[in-house]
Amino acid sequence: AIRHVHCTKIYPLENVLLQVRRWYEKNPKSPLAVYYLYVLNTVLAIGRKKQSGSSRYFAESKRLLPEMKQLSRLVHRYVKTREWLGVEDGQGIRRLVHRSKLGEWSQEDRFWKDPNKMALLEVRTGTVCSSREKLHGTIELDTGQYHSGEPLKVFFVPKLFDMFGKKFENMRVQFYIGFGIDRGCEAFHLKELRKFACNFCKTPTEVPSLGPTRTVCCLKCKNVVRATAND
């Protein structure tokens, strides 16, 4: 209800987190209470592209992850990835996009069928840190360093994206984030993050090709750099 289009009030994530924490304290074995407590802490830990998240939320997210995974066996497989990280234009709790807003799911592609729905989701970037197992890999999310010095890790399935093997480690990648009750943060629609030369100063610049924008400002001269149409 607090994310409904007709709800004009914006509920800050921190305020929603307080309410969910009370729910969790009363029902510590509820899979959904643990799930939403994890998701809200993780989103606040991720922060925004130009603003790092909080180490306090990161620590809580990390603590909750094994507890959530243990409870995931009680949840139907269909609802395990309920929430997705939305674009930064979505303020407060609307930063989270419920799966019901994203249309029909492609089991073959393991992503949403309607390409127009991708505009609701935020494109994130990171570095592959493990890809030697076909069904289990991890990505270090670009969020800045926390006080603990630990990066936020995102799960992915290497064989689904033809990124199985040692040679893909340290590759820069782009993706969307879904929050699974059985896996935590998971990368979907994963692609290599390529560099394109700035037309003005020729500086190689990383430009995500996912999402509608496909442009960034050159770090050196501040002019716009675009991903090529066929990328």
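C218 counts as buried, at 1% relative accessibility. The cut-off for burial is under 20% relative accessible area. The structure is a predicted model. In this model, C218 lies in the loop that joins strand 12 (215-217) and strand 13 (224-226). Beyond residues up to four places away in sequence, C218 touches C198, C201, T203, T205, N223 and V225. N170 is 48 residues from C218 in sequence, and their C-alpha atoms are 22 Å apart in space.

The largest nonpolar core has 44 residues. Within this core, I139, V154, F175, I177, F179 and L190 touch the most other members. Helix 1, helix 2 and helix 3 each supply at least two residues of the core. So do strand 6 (136-141), strand 7 (153-156), strand 8 (172-180) and strand 9 (184-192). Helix 2 gives the most, with twelve residues. A second, separate core holds eleven residues, including W84, L121, Y176 and L210.

The contacts of I177 were then examined. Leaving aside residues up to four places away in sequence, I177 touches I46, W84, L85, R124, L141, V154, C185 and E186. One of these partners, V154, is itself among the core members that touch the most others.

Helix 2 spans residues 31-46 and has 16 residues. From its first C-alpha to its last, helix 2 reaches 22 Å, close to the 22 Å expected at 1.5 Å a residue. Of its 16 residues, 15 are buried, so helix 2 is largely enclosed by the rest of the structure. Just after helix 2, G47 takes a positive phi of about 70°.

Helix packing was described next. Two packed helices are described by the angle between their axes and by the distance between those axes. Helix 1 (residues 13-26) packs with helix 3 (residues 55-71) at an angle of about 35°. Their axes are 15 Å apart. The crossing of helix 1 and helix 3 is left-handed. On helix 1, the contact is made by E14, L17, R21 and Y24. On helix 3, the contact is made by Y57, E60, R63, L64 and E67. An α-helix has 3.6 residues a turn, so residues three or four places apart point the same way. By class, the contact of helix 1 with helix 3 has four nonpolar residues, five charged residues and no polar ones.

Key
Residues numbered from 1 in each chain as written. Predicted model: local features only at pLDDT ≥ 70, side-chain atom pairs only at ≥ 80, totals over all residues. Heavy atoms only, no water. Axes fitted to C-alpha atoms, helices over the stretch in contact; angles between N-to-C directions. Helix = DSSP H or I, 4+ residues; strand = E, 2+ residues; numbered from the N terminus. Left-handed = near helix turned anticlockwise from the far one by under 90°. Contact = heavy atoms within 4.5 Å. Nonpolar A, V, L, I, M, F, W, Y, C, P; charged D, E, K, R; others polar. Expected span 1.5 Å × (residues − 1). Buried < 20%, exposed > 50% of the residue type's maximum accessible area, 1.4 Å probe, protein only. Core = buried A, V, L, I, M, F, W, Y, C linked by side-chain atoms within 4.5 Å.
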